[in-house]
Amino acid sequence: MAKHTSDFLNILAERGFIHQCSDFEGLDALAAKGEIVSYVGYDCTAPSLHIGHLLSIMMLHWLQKSGGGRPITLMGGGTTRVGDPSGRDETRRILPIEQIEANKDSIKKVFAKFLSFGDARHDAVMADNAEWLAPLNYIEFLRDVGRHFSVNRMLSMDSARMRLEREQELSFIEFNYMLLQSYDYVELARRYKCNLQMGGSDQWGNIVSGIDLGRRMGTHQLYALTCPLLTTASGAKMGKTAAGAVWLNEDQLPVYDYWQMWRNTEDADVSRFLKLFTLLPMSEIAKLAGLGGAEINEAKKTLATEATALLHGREKAEAAAETARRTFEQGETAEGLPTIEVPVADIENELGILAAFVTAGLVKSNSEARRQIQAGGLRVNDAVVSDEKAKLRLGDVSADGVIKLSLGRKKHVLLRPV
């Protein structure tokens, strides 16, 4: 029997999105009438969002798809100039305004993959908090907003308390972030009738502060809903790999690498990730989750293809799946593998094996390459590398015009001499 009356909350609960909610009953009533207007904020600290942002994007997707209400994607053109201290042990680097604007433009394009924008009742809206934060008069802001905040309470919030307990610096500009995020909520309530802020569980304190500020400044009733932070069954932070963050923009991370990341999901996480990151019906997910032994690999391939199709489109997802099949099941050098061009002169002059793997991005340093060689983890054209002084030569170039470098069984890069 459904726990909630609204499809929106039932879907989120069934799929594992809910961590905390300020008022289930009140929010459920709004969702049942299609009257939620919910926002999630995205600061512009990099040219792409990463997989950690995907949970909240999917929450906005289900809000719209279930008919529960209208999503707002809030670009942090203003708050990025300050930096969110939540979950960090050190001060964020202050970015130039030009870089923030470039990042913002690059980030925007991902949302159209998951949301429908327009002027209809439940069409998504894209806003930018620079619109109201940049022109703020500091004295007026302190009088109108700052007076509602207790420094004692702000110091008790995790984002501040953990820094202070570890005797790590918390800059005054970061300390102001909570005020700005709270004020965002009030402005969105006034401008768009926003009544719900969603985000990761580490944002709970900031969101609740926004609810309190709204009450003090006379807005309608505001709500909070958070999702759990993304970790794997083994406890690792989801989305972090040896090569860095798992980016959502294709120019930051090739489609094949994104597909492969999902394919490498731990067995214990397959069911959970199918619920969170695909649109497959729960009945189909239950069947896939029931697969055991070697058959679990078929569920992982389905997860990889469905999650990749959501972000990059069905055609690219299936091409990545085919590339993997040809590479792993037929041992071919598939054209869809990530490819890096190198000067043909480097190969003619016999490129050192250590430098080649660093250039390909499969290892970060020569010393890491040496350790992998000692462990038997590096291959050239599927042959194990045993000599760290080995060189790549023109004779290693295949009929396809590439040299295939591999780290383990699942990471491959093609070097193409040009």
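The chain's secondary structure comes to 19 helices and 15 strands; helices (H or I, at least four residues) and strands (E, at least two) are DSSP runs, numbered from the N terminus. Please keep in mind that this is a predicted model, where local features need pLDDT of at least 70, side-chain atom pairs count only at pLDDT 80 or more, and totals for chains, interfaces and linings use all residues. Residues are numbered from 1 along each chain as its sequence is written, and side-chain values use heavy atoms, with hydrogens and water left out.

**The chain as a whole**

- Of the 418 residues in the chain, 50% are buried; here buried means under 20% relative accessible area, exposed means over 50%, and partly exposed lies in between (1.4 Å probe, protein chains only).
- Among contacts with a separation of 6 or more, 74% join residues 24 or more positions apart, a contact being heavy atoms within 4.5 Å.

- Six strands form an open sheet in the order S1-S6-S5-S2-S3-S4, with mixed pairing; two strands pair if DSSP finds at least two bridges between them.
- Strand S1 (20–21) and strand S4 (125–128) are the edge strands, each pairing on one side only.
- Strand S3 (residues 69–76) runs parallel to S4, the two being joined over four bridges.
- Leu74 has Ala127 in S4 as its bridge partner.
- Helix H10 (residues 177–192) packs on the sheet and touches strand S2 (36–43), S3, S4, strand S5 (196–200) and strand S6 (223–227), with its direction making about 145° with that of S2. For such angles, axes are lines fitted to C-alpha atoms, for helices over the stretch in contact, and the values run from 0 to 180 degrees between N-to-C directions.
- Helix H11 (residues 204–216) lies across S1, S5 and S6, at about 170° to S6.

**Helix H13 and its packing**

- Helix H13 (residues 270–277) has Val270, Phe273, Leu274, Leu276 and Phe277 buried.
- Those buried residues pack against helix H1 (7–15), helix H3 (54–65), helix H12 (255–263), helix H14 (282–289) and helix H15 (296–312).

- His61 has its place in helix H3 and counts as buried because its relative accessibility is 10%.
- Beyond its neighbours within four places in sequence, His61 is in contact with Phe114, Leu115 and Leu279.
- Gln64 also lies in helix H3, and its relative accessible area of 15% makes it buried.
- The Gln64 side chain reaches the backbone oxygen of Ser116 at 2.8 Å. Such a polar contact is a pair of N or O atoms within 3.5 Å; within protein, one must be able to donate a hydrogen and the other to accept it, and residues adjacent in sequence count only if both atoms are side-chain atoms.
- Not counting residues up to four places away in sequence, Gln64 touches Gly69, Pro71, Leu115, Ser116, His122, Asp123 and Ala124.

**Val342 in strand S9**

- Val342 sits in strand S9 (residues 339–342) and is buried, at 4% relative accessible area.
- Leaving aside neighbours within four places in sequence, Val342 is in contact with Ile347, Thr359, Leu415, Arg416, Pro417 and Val418.
- A distance of 9.4 Å separates the C-alpha atoms of Val342 and Ala356, which are 14 residues apart along the chain.

**Salt bridges**

- The structure holds 15 salt bridges, each a side-chain nitrogen of Lys or Arg within 4 Å of a carboxyl oxygen of Asp or Glu.
- Glu101 and Lys104 form one, with the closest N and O atoms 3.0 Å apart. The two residues are separated by about one helical turn because they are three residues apart in helix H4 (residues 97–108). Glu101 is partly exposed at 28% relative accessibility, while Lys104 is buried at 5%.
- In helix H11, Asp212 and Arg215 lie three residues apart, about one turn of the helix, and their salt bridge has its closest N and O atoms 2.5 Å apart. Asp212 is partly exposed at 21% relative accessibility, whereas Arg215 is exposed at 58%.
- Arg272 and Asp269 meet through their side chains at 2.9 Å, N to O. Arg272 is partly exposed, with a relative accessible area of 32%, and Asp269 is buried, with 1%.
- A network of salt bridges links Glu131, Glu187, Arg190 and Arg191.
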